[in-house]
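Subject: Structure handover

Hello,

Please open it before reading on.

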Amino acid sequence: MCGNNMSVPLLAEAVTVSGKEKETAAVIFLHGLGDSGHGWAQGLMEIQLPYVKIICPHALPMPVTLNMGARMPAWFDLMGLSLHSQEDEVGIKKAADNIKAIIDHEVKNGIPPNRIMLGGFSQGGALSLYTALTCEHQLAGVVALSCWLPLHQTFPSASSGNKNTPILQCHGEMDPLVPPHFGHATSQKLKAIIDPAMVTFKTYPDMLHCSCPQEMAAVKEFMEKCLPRI
């Protein structure tokens, strides 16, 4: 039986790529600002493990302060892109709850939390880090691409039993939107919150605010390590 997706707001519309075999693991991946889940679903299909289900939800359109109040798909409002910008605390927490609802739905349908990986790019990566660190479940791992840790001052107090969740963080050294020093600062912060041995930070010399084949190869390797065949 498939559970009822309607009770989980983002799940009914999400792009879901089924595994080729019996699904024993899931990857939930969150797109960046102004995007949708389709592109990342395509990219992840190329590195998909046969027993892993991929879920790429779409953020709902909302006015974004950073972009002069224009409406676009966003997980939460962005006021600015500096380490000291004001943050949309209510929106971030609400978005994290929506992602936790997807995790809970998968758990109810038989995939244990330690077989669920969370990931995302840019704003989606930021949300995946925040969600994993405030989640009551210990997840299989987090893939955080070209992003930052939202509400970073609230940690480590908000962090729960996720001190041993492996995190793969990747960043382009030429990123003009989310500057590389955001990535470095985030990596240092993460190492202060969780077991530092669990945090891997990779940078790519010529990469802008995007992905590259080497990065996707690193993501695949990380998935194989954290979600081995059972």
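The model is predicted.

Start with helix H5, residues 213–226. Its 14 residues should span 20 Å at 1.5 Å a residue. The end C-alpha atoms are 20 Å apart, so the span agrees.

Which residues of H5 are buried? They are Glu215, Met216, Ala218, Val219, Phe222, Met223 and Cys226. Seen down the axis of H5, the buried residues fall within an arc of 155°, so they line one face of the helix.

What do the buried residues of H5 pack against? One partner is helix H1 (37–45). The others are strands: E2 (25–30), E6 (116–121), E7 (141–145), E8 (167–172) and E9 (199–204).

Now E8. Six of its six residues are buried. Ile167, Gln169 and His171 point one way. Leu168, Cys170 and Gly172 point the other way. In a regular strand the side chains alternate between the two faces of the sheet.

E8 pairs with two strands named above:
- E7 pairs with E8 in the parallel sense, over four bridges. Leu168 in E8 stands opposite Val143.
- E9 runs parallel to E8, joined by six bridges. Gly172 has Tyr204 in E9 as its bridge partner.

E8, helix H4 (residues 180–193) and E9 form a right-handed β-α-β unit.

Best regards

How values were computed:
Residues are numbered from 1 along each chain as its sequence is written. This is a predicted model: local features need pLDDT of at least 70, side-chain atom pairs count only at pLDDT 80 or more; totals for chains, interfaces and linings use all residues. Side-chain values use heavy atoms; hydrogens and water are left out. The expected span of a helix is 1.5 Å times one less than its number of residues. Buried means under 20% relative accessible area, exposed over 50%, partly exposed in between (1.4 Å probe, protein chains only). The arc is that of the directions from the helix axis to the C-beta atoms. Contact means heavy atoms within 4.5 Å. Two strands pair if DSSP finds at least two bridges between them. A crossover is right-handed if, with the strands pointing away from the viewer, the path from the first strand over the helix to the second runs clockwise.
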